Amino acid sequence: MQYSSTIQGLDFDPSRIMLHEQDRALVLQNQAKPDSLYRMDLETGKIVDEWKTGKEVADFNPVSKFAQTTAEQNLFGVADHSMFRIDPRVNGGKVTKGGEKTYKTKNMGLSKIVTTEAGWIVVGNDKGEVRLFDELGKNANTLIPGLGDPITGLDVSSDGKFVLVTCSRYLLLIETLRKENNGFTKKWAKD
């Protein structure tokens, strides 16, 4: 399905769609312009904003599970080697200062991001690795090694107890609760 944009007359087929602003708007991404997100007003059916991020956004998600049903404006996004907060209310580039985690390794392949109801973050990459964070801007508390296949889909239960990883040939269900810690707030032992 094609959508007509009111921004520069750009027609595009969205590659990613997410409900936003108490389900009154959609956030859309166009594969032809991966460094921008677009806000569609669902009442008028028109794209009303373009949010330039300055990064090729691989994935974006609400800052917490179900945040799209609230007035929360911010989103989380991932690019190849960084995670960041997107605030559509700031002038200029929409990636907020201080709300970012950039890895020195340039080929991380970060490709998927999801959040729990408490705002804990799960990030997946093209190597099948899964990282668990208690907040944006810090190092991951837990790194779950991958099997080498790119992650095509990622989800987490609202309480963070389970992470579902989808690859092209298999699914992984990861239980994050281990005895006294959950992998988000405390590191798992290497064994």
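Modeller: Helices (H or I, at least four residues) and strands (E, at least two) are themselves DSSP runs, numbered from the N terminus. This is a predicted model, in which local features need pLDDT of at least 70 and side-chain atom pairs count only at pLDDT 80 or more, while totals for chains, interfaces and linings use all residues. Residues are numbered from 1 along each chain as its sequence is written, and side-chain values use heavy atoms, with hydrogens and water left out.

Colleague: What makes strand E5 and strand E6 a pair?

Modeller: Strand E5 (residues 36–41) and strand E6 (residues 46–52) share six bridges in the antiparallel sense, and the definition asks for at least two. Tyr 38 stands opposite Glu 50 in E6. The hairpin of E5 and E6 has four residues between the strands, and Gly 45 takes a positive phi near 75° there.

Colleague: How do you know that Arg 39 and Asp 49 form a salt bridge?

Modeller: A salt bridge is a side-chain nitrogen of Lys or Arg within 4 Å of a carboxyl oxygen of Asp or Glu. For Arg 39 and Asp 49 the closest N and O atoms are 3.7 Å apart, so the pair meets that limit. Arg 39 is in strand E5 and Asp 49 in strand E6, so this contact ties together parts ten residues apart in sequence. Both residues also belong to a network of salt bridges with Glu 21.

Colleague: Why is Arg 39 called buried, and what is Asp 49 called?

Modeller: Buried means under 20% relative accessible area, exposed over 50%, and partly exposed in between (1.4 Å probe, protein chains only). Arg 39 has 15% relative accessibility, so it counts as buried. Asp 49, at 32%, is partly exposed.

Colleague: How many salt bridges are there in the whole structure?

Modeller: The search finds ten. One of them joins the side chains of Glu 100 and Lys 55, at 2.7 Å from N to O. Glu 100 is in strand E10 (residues 95–102) and Lys 55 in the loop between E6 and strand E7 (59–62), 45 residues apart. Another joins Asp 155 and Lys 65 at 2.9 Å, N to O. Asp 155 lies in strand E15 (residues 151–156) and Lys 65 in the loop between E7 and strand E8 (75–79), so that pair ties together parts 90 residues apart in sequence.

Colleague: Turning to aromatics, why is the pair of Trp 120 and Phe 184 called stacked?

Modeller: Rings of Phe, Tyr and Trp (its six-membered ring) pair if their centres lie within 6.5 Å; planes under 30 degrees apart count as stacked, over 60 as edge-to-face and the rest as tilted. The structure holds one aromatic pair. The ring centres of Trp 120 and Phe 184 are 5.1 Å apart and the planes are at 20°, so the pair is stacked. Trp 120 lies in the loop between strand E11 (110–115) and strand E12 (121–125), and Phe 184 in the segment after strand E17 (171–175), so parts 64 residues apart in sequence are tied together.

Colleague: Are those two residues buried or exposed?

Modeller: Trp 120 counts as buried at 19%, and Phe 184 is buried at 0%.

Colleague: What makes E11 largely enclosed?

Modeller: Five of the six residues of E11 are buried, so the rest of the structure largely encloses this strand. E11 also pairs with E12 in the antiparallel sense over five bridges, and Val 114 stands opposite Val 122 in E12. Gly 119, in the hairpin of E11 and E12 with five residues between the strands, takes a positive phi near 90°.

Colleague: How do you know that Arg 16 lies over the face of Phe 60?

Modeller: A charge sits over a ring if NZ of Lys or CZ of Arg is within 6 Å of the ring centre and within 35 degrees of the ring normal. Arg 16 is 4.7 Å from the ring centre of Phe 60 and lies over its face. Arg 131 lies over the face of Tyr 103 too, at 5.5 Å from the ring centre.
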